[in-house]
Amino acid sequence: MVVLLALAVAGCADAPVGPGSPGAASTGVPTTAAAASPAAVAAVDTAYARMMLGHHEQALELSALVPGRSSSPDVADLAFRIDRAQVEEVGQLRGFLRLRGAPAEAPADMSGMAGMADAATLDRLRALSGPAFDRLWLQTMTAHHEGALTMARDQLTATGGAASTSPLAEFSRTLLVAQQAEIDRMRALLARS
């Protein structure tokens, strides 16, 4: 994702600002970056939407594994909430891509995308149930959400930081807050397991 975004805005930003740098807010949203050209922002937004679409589709797949396998009402509730939020966001991403005339589908190659669960992990989740499933599911979804946070921060950095007016800037800002809250909840559930 970072490489794709970097190629899309090559030469458009003087000094990208990332999480933890002096220009990053406490939410991890970059606060400063040079203005990117409208064409570069459009390219970044389209690539980001397609990649985030694929990322969200895997989150839906992960959430669908919970019924019948989880022994925790808290995990089941969280999976349901994640599912509902991701369905809404998938609709937003597809709508954005259709408006842009871009393919409203994820890229064919999702390998190497931040936070994506590999086939072996998905197979293990399908084979488990009870507390062992709950632990692995929470670990996997936490890593998956952390990947989404990385992608959202990259999109904001590439399109102008906190001042970004890209069509997907508000989507990214909302995602950063909502998924960080879910990560915090998952970490709390893991600490209790």
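At 12% relative accessibility, Val 41 counts as buried, where buried means under 20% relative accessible area, exposed over 50% and partly exposed in between, with a 1.4 Å probe and protein chains only. This residue belongs to a predicted model, in which local features need pLDDT of at least 70 and side-chain atom pairs count only at pLDDT 80 or more, while totals for chains, interfaces and linings use all residues. Residues are numbered from 1 along each chain as its sequence is written, and side-chain values use heavy atoms, with hydrogens and water left out.

**Overall make-up**

- The chain has six helices and zero strands, these being DSSP runs numbered from the N terminus (H or I of at least four residues for helices, E of at least two for strands).
- Read from the N terminus, the order of elements is α-α-α-α-α-α, and buried residues make up 47% of the 193 residues in the chain.
- Of the contacts in the chain with a separation of 6 or more, 79% come from residues 24 or more positions apart, a contact being heavy atoms within 4.5 Å.

**Packing of H3 with H6**

- Helix H3 (residues 73-100) and helix H6 (residues 169-192) have axes that come within 12 Å and cross at roughly 165°; axes are lines fitted to C-alpha atoms, for helices over the stretch in contact, and angles run from 0 to 180 degrees between N-to-C directions.
- H3 is therefore roughly antiparallel to H6, since angles over 145 degrees count as roughly antiparallel, under 35 as roughly parallel, 65 to 115 as roughly perpendicular and the rest as oblique.
- H3 passes H6 in a left-handed crossing, meaning that the near helix is turned anticlockwise from the far one by less than a right angle, whereas clockwise would be right-handed.
- Among the residues of H3 that meet H6 are Val 75, Leu 78, Ile 82, Gln 86 and Leu 93, and the H6 side includes Phe 171, Leu 175, Gln 179, Met 186 and Leu 189.
- By class, the contact of H3 with H6 has eight nonpolar, three polar and seven charged residues, with Ala, Val, Leu, Ile, Met, Phe, Trp, Tyr, Cys and Pro taken as nonpolar, Asp, Glu, Lys and Arg as charged, and the others, Gly among them, as polar.

**Packing of H2 with H4**

- H2 and helix H4 (residues 119-127) pack at an angle of about 20°, with their axes 10 Å apart, which means that H2 is roughly parallel to H4.
- In this pair, Gln 58, Glu 61 and Leu 62 of H2 meet Leu 122, Leu 125 and Arg 126 of H4, and the residues of the contact divide into three nonpolar, one polar and two charged.

**Buried polar residues**

- Gln 86, found in helix H3, counts as buried at 3% relative accessibility, and its side chain is joined to that of His 56 by a polar contact of 3.3 Å (a pair of N or O atoms within 3.5 Å; within protein, one must be able to donate a hydrogen and the other to accept it, and residues adjacent in sequence count only if both atoms are side-chain atoms).
- Leaving aside residues up to four places away in sequence, Gln 86 touches His 56, Ala 59, Leu 60, His 145 and Gln 179.
- Ser 72, in the loop between helix H2 (38-64) and H3, is buried at 18% relative accessibility, and its side chain reaches the backbone nitrogen of Val 75 at 3.1 Å.

**Pairs separated in sequence**

- Val 41, which lies in helix H2, is 127 residues from Leu 168 in sequence and 9.6 Å from it in space, C-alpha to C-alpha.
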